[in-house]
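I opened my notebook to look up salt bridges. I wanted to see who pairs with whom, and where the partners sit.

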Amino acid sequence: MAKFELKLPKMGESVDEATLTAWLVDIGDSIDLDDGVLEIATDKVDTELPSEVSGILIEKLFDIDDVIKVGQTIAVIETSADVSSPKEVETHTIVDSVSAPSIPPVNIEATLTKVEELKQPTFSIGTSERFYSPLVRSIALKENITIDELDAISGTGKEQRLTKNDLLAYLDNRKTKATQQVVDLTESQKQSSVVKETVTAEKPIQMAMDDEIVPMDRMGKLIAKHMVNSIQTSAHVQSFIEIDVTNIVTWRKNIKDQFLQQKGEKLTFTPILMHAIAQCIKEYPMVNVSVDGTNIIKKKAINLGMAAALPNGNLIVPVIKNADELSLVTMASIVNSLALKARTGKLNPDDIQGG
């Protein structure tokens, strides 16, 4: 028998961690090659992590809602073939208890306890009966949060466990409640000064007796966070221009059946409009910018995001890379492929990066 360490693989550019959302197998279950072992989630994409070997799951190193870094071992699978990971080959020696009776047997329970102790960094701010993941502990240590303060924070994880997002939300809330500094400016000073930041006190939400509190799910929290970040980055402006697209509608109606027959792709309005937008951005490159403080970052690549529906009804924005270099046929193919992957929950992190 050999042991194989199932690690978190590279999930895409700029993705270095993921949250464990569900275990699909239990300890002792048999696993075939490519069977799903667990579900993980990045900022927006939920995906299954398949097994790279066939065998039996003998150890789980993380719990639901734990944050896992790329390269960390998540589970251990016992296999009949010699597929030990390089780490095991270098650091472990398989001992035959029959041929070497003088070597005492390994105490599995003690070994597992030792692994857990080594996995979690020393938490010098105190101890608690409540469980905190290594990531939560390291953030608390960095932010000088005492154990009493941690114990008082409500958690949204399994069994009210405190997650990374809970702790970050608490830190953000603590900053907004900081003492507001009152600046006494004369009328002339007010006219020439720029107010960079305004701290407002939180107003309590009025609730009736029969109101119900519904905690946000992970997607809701991420959407709220990204919306706030967007407002803090740049002003929101809407502009409406009416365009007569009668000729496009007529052209598509006449060509769509032939397009499907010859190219093997459905021609919807989405790739037609995205193809036009990409060419327009190419002509007016200052549309394709981001704001970073007082700097404007002019993007070289024209990467277009398109809204697509997820199986749970939420929306996600997969990205079409270098859209200005694509023909209408290729654009239609990519649009249809990304829409299908979104509907079936098969988008990967790279599909939503760089928009």
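This is a predicted model: local features need pLDDT of at least 70, side-chain atom pairs count only at pLDDT 80 or more; totals for chains, interfaces and linings use all residues.

I started with Lys341, which forms a salt bridge with Asp351 (a side-chain nitrogen of Lys or Arg within 4 Å of a carboxyl oxygen of Asp or Glu). Their closest N and O atoms are 2.7 Å apart. The pair links distant parts of the chain, 10 residues apart: Lys341 is in helix H10 (residues 328–343), Asp351 in the segment after H10. I noted that helices (H or I, at least four residues) and strands (E, at least two) are DSSP runs, numbered from the N terminus.

Residues are numbered from 1 along each chain as its sequence is written, and side-chain values use heavy atoms, with hydrogens and water left out.

Next I checked burial (buried is under 20% relative accessible area, exposed over 50%, partly exposed in between; 1.4 Å probe, protein chains only). Asp351 is buried at 12%. Lys341 is partly exposed at 23%.

I moved on to Lys69 and Glu17, a salt bridge with closest N and O atoms 2.9 Å apart. Lys69 lies in strand S7 (residues 67–69) and Glu17 in strand S2 (residues 17–23), so the pair ties together parts 52 residues apart in sequence. Glu17 is buried at 17%. Lys69 is partly exposed at 35%. Shared partners join Glu17, Lys69 and Lys164 into one network of salt bridges.

Last, I looked up Lys7 and Glu5, whose salt bridge has its closest N and O atoms 3.0 Å apart. Glu5 is buried at 13%. Lys7 is partly exposed at 26%.

How many salt bridges does the structure hold? I wrote down 6.
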